[in-house]
Amino acid sequence: MDGLEKHYPVRQGLLAAMLGRQPALVRAVDGVSFRIAPGEVLGLAGESGCGKSTTGMAVLDLVTRTAGCIRVAGRDVDLKRDRSAQLAFRRDVQIVFQNPFEALNPRFTVLESVLEPIAVHFPGRREEQLARAHRALERAGLAPVETYASRYPHELSGGQLQRVAIARSIGVEPRILVADEPVSMLDVSIRAGILALFRSFARDMGMAILYISHDLSTMRYLCQNVAVMYLGRIVEYGPAGAVLSRPVHPYAQALMASVPVRGRRGRKRLPLSGQVPNAMAIPAGCRFHPRCPVAMPICSAVAPPKVMLASGQEVACHLMTKTNSQEAQDASDTGTNRLALR
């Protein structure tokens with residue numbers, strides 16, 4: 001994904017339209033780029049409303065992109081060309097939605113739900129389609145298949161429903177899987193099993209997975225790389241171990257400090273003042289500066305450049321400039337959060 005933008009125009013009144021005023025825009029996603037390798041799980045983290053789910057929907061072209069391009073296996077994706085291009089893309093890229101209770105047709109049995117996309121992408125013999133559906137259900141942990149195949153959604157638990165939704169997504173064996181907060185509605189006791197499924201898909205099937213969540217503890221278990229998003233842009237990106245253990249951007253530090261950790265009662269919190277700015281009136285300069293505890297005068301005037309650190313973290317913050325690069329590197333290497341606490 002290169003230069004992704006998704007802006008939503010806001011309806012304006014008749015008088016504003018007659019006066020020729022330009023409609024206001026909600027900049028939900030505003031210049032996001034990333035790559036996911038086969039077998040890699042990339043975590044996309046951030047507060048609610050930062051643009052995570054919109055990014056996931058744009059990856060699947062479920063929302064029309066304002067700008068930006070998608071490349072799969074080095075090829076530009078242009079779904080406006082013809083029906084065959086759309087089918088090929090849908091087979092390559094699938095999604096697991098957050099709410100399994102609404103993701104499945106209540107009139108379809110489990111087998112019918114899993115068979116529907118398989119029949120679209122693999123027309124032909126019924127026996128081969130059934131074999132693919134059975135294989136997907138087994139990979140999703142619904143074995144023996146005969147126990148679940150004839151059941152309807154209302155006869156299953158939340159965890160079983162999510163496994164059915166996962167089986168439906170992997171039945172066509174996609175290259176890329178977007179998991180949009182797939183465990184947020186499930187009991188803690190069954191989350192580990194669902195996360196283990198995604199790890200096996202990446203490891204055994206070579207899937208590239210975009211894992212969207214605000215739960216950073218699950219990302220530590222699942223992801224190889226993590227991107228932290230704030231107000232439509234990625235502010236820190238890098239290896240999961242570095243970003244989650246030694247965050248450098250002040251927002252990423254505050255986000256990690258809010259995660260409950262057993263046995264660390266003395267850990268310092270990083271309180272953020274104010275509210276997330278309105279996406280229709282994004283602040284000039286760094287978007288985080290109105291809430292940043294270490295904001296400098298330049299932060300309110302100039303957008304920060306992205307700086308690559310020796311740890312592999314890419315950070316968009318003025319504290320990462322040459323005059324502050326050693327301090328930033330020290331914070332990344334030692335995990336003392338000097339930037340946010342100085």
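Which residues do ring pairs link into a cluster? I found Tyr-230, Tyr-251 and Phe-288 joined that way.

Ground rules first. I'm working on a predicted model, where local features need pLDDT of at least 70, side-chain atom pairs count only at pLDDT 80 or more, and totals for chains, interfaces and linings use all residues. Residues are numbered from 1 along each chain as its sequence is written, and side-chain values use heavy atoms, with hydrogens and water left out.

**Rings.** I counted four aromatic pairs (Phe, Tyr or Trp rings, the six-membered one for Trp, with centres within 6.5 Å; planes under 30 degrees apart are stacked, over 60 edge-to-face, the rest tilted). Tyr-230 and Tyr-251 make a tilted pair, 4.7 Å centre to centre with 55° between the planes.

**Burial.** Tyr-230 is buried at 2% relative accessibility (buried is under 20% relative accessible area, exposed over 50%, partly exposed in between; 1.4 Å probe, protein chains only). Tyr-251 comes out buried at 1%, and Phe-288 is buried at 2%. I checked helix 12 (residues 250-257) too: eight of its eight residues are buried, so the rest of the structure largely encloses it.

Key
Helix = DSSP H or I, 4+ residues; strand = E, 2+ residues; numbered from the N terminus.
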